Amino acid sequence: MITADDLNYNSLGCYGNTLNQITPNIDKLAESGILFTNAFVNIAVCQPSRQSILTGRYPHNNGAPAFNPIARDVVTLQEVLEKAGYLNGILGKEIHLKPTEKFRWDYYITEEDLASGLGIGREPELYFEFSTEFFNKAKMEGKPFFSDGK
């Protein structure tokens, strides 16, 4: 799963952006995979939307109808994947997933790390370095992986 913060659908080349090579790798992925042409969000605010994706529940059913932590009895995708032997990683936006112990991350790059090291999301080379480190960790440990990136 790849997520992006504050990205409009028409910012991507595969959805019609005419700026030359604005998103070449995502465009390649879209060419070889599935390109959604009719999709909806359950809530148009980032934190409740993320928590909804990672719990499989609407915000009013996971305990986080706004910028609140989810209810402690709600199972998260990371908990399920951890039990199945997956390596879980995140690059930023970890502050949007509360309570922290419900979102199990084996590889954890914080918003603070990103602000100081990744230029608040504006340094693709550093994202590449952190991502490569995570993928190598998964390979060395022989584990499948799940990553949520900013």
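**Legends for close-up views of a predicted model**

Of the 150 residues in the protein, 33% are buried (buried: under 20% relative accessible area; exposed: over 50%; partly exposed: in between; 1.4 Å probe, protein chains only). This is a predicted model, in which local features need pLDDT of at least 70, side-chain atom pairs count only at pLDDT 80 or more, and totals for chains, interfaces and linings use all residues. Residues are numbered from 1 along each chain as its sequence is written, and side-chain values use heavy atoms, with hydrogens and water left out.

**View 1. The overall fold has six helices and three strands.** Helices (H or I, at least four residues) and strands (E, at least two) are DSSP runs, numbered from the N terminus. Along the sequence the pattern reads α-α-α-α-β-β-α-α-β. The C-alpha atoms fill a box of roughly 45 × 35 × 30 Å along the principal axes. Among contacts between residues at least 6 apart in sequence, 45% join residues at least 24 apart (contact: heavy atoms within 4.5 Å).

**View 2. Ser52 sits in helix 2, residues 46-55.** Ser52 is buried, at 7% relative accessible area. Leaving out residues up to four places away in sequence, Ser52 touches Asn42, Arg57, Tyr58, Pro59 and Asn62.

View 3. Cys14 has 23% relative accessibility and counts as partly exposed. Cys46 is partly exposed too, at 27%. A search of the whole structure finds zero disulfides (disulfide: a pair of cysteine sulfur atoms within 2.5 Å).

**View 4. Gln21 has a positive phi of about 55° although it is not a glycine.** Most residues other than glycine have a negative phi, and most peptide bonds are trans. Gln21 lies in the segment before helix 1 (24-32). At 57% relative accessibility, Gln21 counts as exposed.

**View 5. The peptide bond from Lys98 to Pro99 is cis.** Its omega is near 0°. Pro99 is in the loop between strand 1 (87-91) and strand 2 (107-109).
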